[in-house]
Amino acid sequence: MSPRCPEAVPSSPGRSSRARRGHYRPRVTTLHVSAGGRTWSFEEPRVVSIGRDAGSDIVLTAPSASRRHAQLRSDGSGWVLVDIGSSGGTFLNGARVSEVRLNGPTSVRLGGVGGEEVVLTPAAPARPAAPAPAAFPPAALEQTVLPGVAPAGPGYVHGPGLLVRVGGVSKRFPPGVVVRIGRDPGSEVVVDDPSVSRLHGVVEGRPDGWWYVDRSTAGTYLEEDRVAQRKLEDPTTLMLGHPTAGAEVEVVPIVAAGAAQKSLAKKKRKRTAAIVGGVMAALVLVGGGTTAAVVLGDDGGKDGSTEAAGLSAEELDRAKLASVLIIAVDDDGEPMYTGSGTIISADGLILTNAHVGKPSAPGQQSGEEDPAGLLVALTSAEDDKPAAPSYSAEPIVADGVLDLAVLKITGDADGKEIDEDELDLPAPVPLGDSDDLRTGDELTALGFPAVAHVASDDGLDRALTVTRGVVSTFLKEAAVPGNRAWIDSDIRIGSGNSGGASINDDGELVGINSAVVTESTVGDSGEGGAFTGGSARIRPVNLTDDIVEIAEKGGDPDYVSPYLEDVPEPPADPMDDANAAPSGWSTDGNSDCSTTSTLDDPQVLGGVTLPATLYAHFAVTGLPDGTPFTIELYNPQGELLGSLDGSWDLGPDDVCASVSLDVPEGLGGAVAVLVIDETKIENPVLFG
C-alpha cells in the first residue's frame, strides 16, 4: 500500500464553490522479470504473485521459496516488490528486506541469501497522461482532497547507507533495505528491553531517503514528542517505549565524509553562537536502557587513573557501593523501567531523579503515572557482578521542576516492612558543595546505564559503570534562579544513568546525572554540539538542599516545587479548539461526510475488488493552517501498511477532507487513522 494524494485545488466552505478536485493518473511502466531461465513482462496497474504455487504469475522452483512468497505491486509511481510473510525471506545485497522499490535493474534472492535469483527490470515509462477532467463535489458539506506528500511507499533507494547503534553495538545496512527493530530475535536490530515491543519500529529506505516508522503500542519518542514516522537526515537518537525511561536507539544515515564534516562544522558554529547568547539547549532525559556489553572506565581517552585526579580508591569504592539500581514495577510486579540512585543516609534515604522515582511530580512534563513500586538493588563489590534487588522503597518528597526526588527504603525486596535497625546498607556518600566547582574540574559519574547490561532472563541485571569527564560550563534554566541550573559536562552517560551520582575528587556527591544533549535531540539548532557523544546535563547538588532537609524530617509527599509557577507553558494542543470525526469511505472520492464509521460499528463498503484505490473521509472543523498531520493505513490486525505526512492548509471552516489510499488485495477491511498531535481519529471499513 502506498497512500497517495491527488493533485488538487483545495476548497472549503466559504471559498469558491467551483473549486476543482483533480485526479492523479498513474504513469504506465512495463516490468521485465527473469527467474529460472524464464522471462515475463507485466504492465501497470496490476499485482503480480510470486511463489512455488502453480497458480502464481511467476512460479519458483527452489524448495526454500514459499508457496506464496512475494508480490510485485504498482502504486502509481512505479513497481514495488513486497515479501508477503515468506518463511525463508527475501534478500537484497545479502540483507533481508520486506519491500524493495524498483528504480532500476534489481537482483533479489528468494528463500535465503543463496535462494533462487529473480532479476527485476522496469522499462522506461511512457509519457504521463494528461489530467482527467475536473470533477465537482456533491451538494451538502463540500468535498476537499487532503493535502500531503507524494506516494510514500518504502523501497529501494540510491543513497546513503544506514548505521543503527544500540548500547554501543553498531550495525550497518545498504541503501533500500527495511530494518526491523524490536525484541523479536528475528529482527535485524534486536533490542532486549522490556519497554520495547517485539516489532517496535522499522527503518525504511524510500526514494527520498531513510524514514523511521513506529509500529508499537507504547510508542517511539524524540525528546518529549511521540514519533509516528520521521525522515532521517542527520544522526537521530530515539527512545523506544517511553520518552525518558525507554530503550535508546541511534540511527545514522551514512553520508560522505566531506559532507559530514561540513555539517558538523556548520552546527559547531551555530552552537558557539547559541552559548554566547545564553540559549538553553533542549534536553532528553536518560531513564531506562537497552542491552549491550559491560563498558567500564573513562571517556574520551583520559587517564583512567583515579588516583592521578585526586580521587582515592577508598573514596571511589565508597561511592560505588552506595550507588543503587532502581527498578520500577507495575501492579503485577513486572519491570517497567530502570534508573540509578545514591544512598545519602544510614537510615535508607536515596537521592535520584523525579522521572525515576516520582514521574507524576508537578512540573514533570511527561504526564506519566507513578509505578506501583520501586525495587532497590545494591551494588556488588565485584565489578563484573550485576546488582540484585534487596529492598523496596517509596518516594517521600520530589521536585518535579528540578527533576529531583528522595526515596526511603521501607521494606525488603518482597515489600515486607523492615525496621531501620535491620538495614544492612553501605556507607552513604557525603554531599559536597556544587558552588565550589569550576570549569575544568574532574567529575566521576556512577550509574546503571544500558551499556552495563549483563545477560539475564529478565534483562534487568546490570553492573555498575564508572565514567569520567570534566565540568565544561554551567547553564541557566528559565524557571530556576541563578546561573547554575545545570552542570554541562563531556562525561559519558546514557539510558539508565538517570538519578546516579557525579562525584568530585574528594568523593563527595556534587551532581545528579539527569539528561544528555546530542546532535539528534536538537535538530539544526546546533545546541547538541558537533560531537557524537553529546553533552551531559547534571543537576547541581546544592539545588537538592530543600528536599533533602524535608526528607530528613520524614518527607512530604504533597510537596510542590517553588519554581512551578515560573515554568513556561507548553505549546497548545491544536485539537483544543478543533474537532475531527471519521466519516466513512467511498470508492469514488465523493462524500458529504454524512456517513459515520467507528470501531464498534464500522462501515461496510460493497462492490470493492482489491487491490483498489479507495477514499477515506474525515469531517474536520476549527483546525488552524500549518498544523502538521499524518495519515496512517492499517490492516485489521493492526499492522501499519503505509503513511504520509502533511500540513493542513484548508482553513478553520468545516471541511469534508478526503484522502486516497491504495489498498492491497487480501484484506477484509482496513483502518485509516488521522493523527494530529496526540489525537488519533480512527476510520474503519469492512469490505462486503
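Colleague: To begin with, how many helices and strands does the secondary structure of the protein chain come to?

Modeller: Bearing in mind that this is a predicted model, the protein chain has four helices and 44 strands.

Colleague: Which residues touch the most other members in the largest nonpolar core?

Modeller: That core has 56 residues, and the ones touching the most other members are I350, Y391, V406 and L509. Strand β25, residues 323-329, gives the core its largest share, which is six residues.

Colleague: What does I350 touch, leaving out residues up to four places away in sequence?

Modeller: Its contacts include V324, I326, V376, V406 and I409. Apart from this core there is another one, of 44 residues, among them V33, A70, I181 and V249.

Colleague: Switching to helices, which residues of α2 are buried?

Modeller: In helix α2, which spans residues 313-322, L316, A319, K320 and A322 are buried. The buried residues of α2 pack against β25, β26 (335-343), β31 (442-447), β32 (465-475) and β34 (501-503).

Colleague: Now strand β9: which residues are on each of its faces, and are they buried or exposed?

Modeller: Strand β9 covers residues 99-102, with E99 and R101 on one side and V100 and L102 on the other, and all of them are buried, so that both faces are covered. Strand β6, residues 79-83, runs antiparallel to β9 and is joined to it by four bridges, with L81 standing opposite V100.

Colleague: Last topic, aromatics: how many aromatic pairs does the count come to?

Modeller: The count comes to one aromatic pair, formed by F629 and W648 in an edge-to-face arrangement, with 6.5 Å centre to centre and 75° between the planes. F629 is in strand β40 (residues 628-634), while W648 sits in the loop between β41 (640-647) and β42 (655-663), 19 residues apart.

Colleague: Why does F629 count as buried, and what about W648?

Modeller: F629 counts as buried because its relative accessibility is 3%, where the cut-off is under 20%, and W648 is also buried, with a relative accessible area of 3%.

Key: Residues numbered from 1 in each chain as written. Predicted model: local features only at pLDDT ≥ 70, side-chain atom pairs only at ≥ 80, totals over all residues. Heavy atoms only, no water. Core = buried A, V, L, I, M, F, W, Y, C linked by side-chain atoms within 4.5 Å. Buried < 20%, exposed > 50% of the residue type's maximum accessible area, 1.4 Å probe, protein only. Helix = DSSP H or I, 4+ residues; strand = E, 2+ residues; numbered from the N terminus. Contact = heavy atoms within 4.5 Å. Pairing = 2+ DSSP bridges. Phe/Tyr/Trp six-rings, centres within 6.5 Å; stacked < 30°, edge-to-face > 60°.
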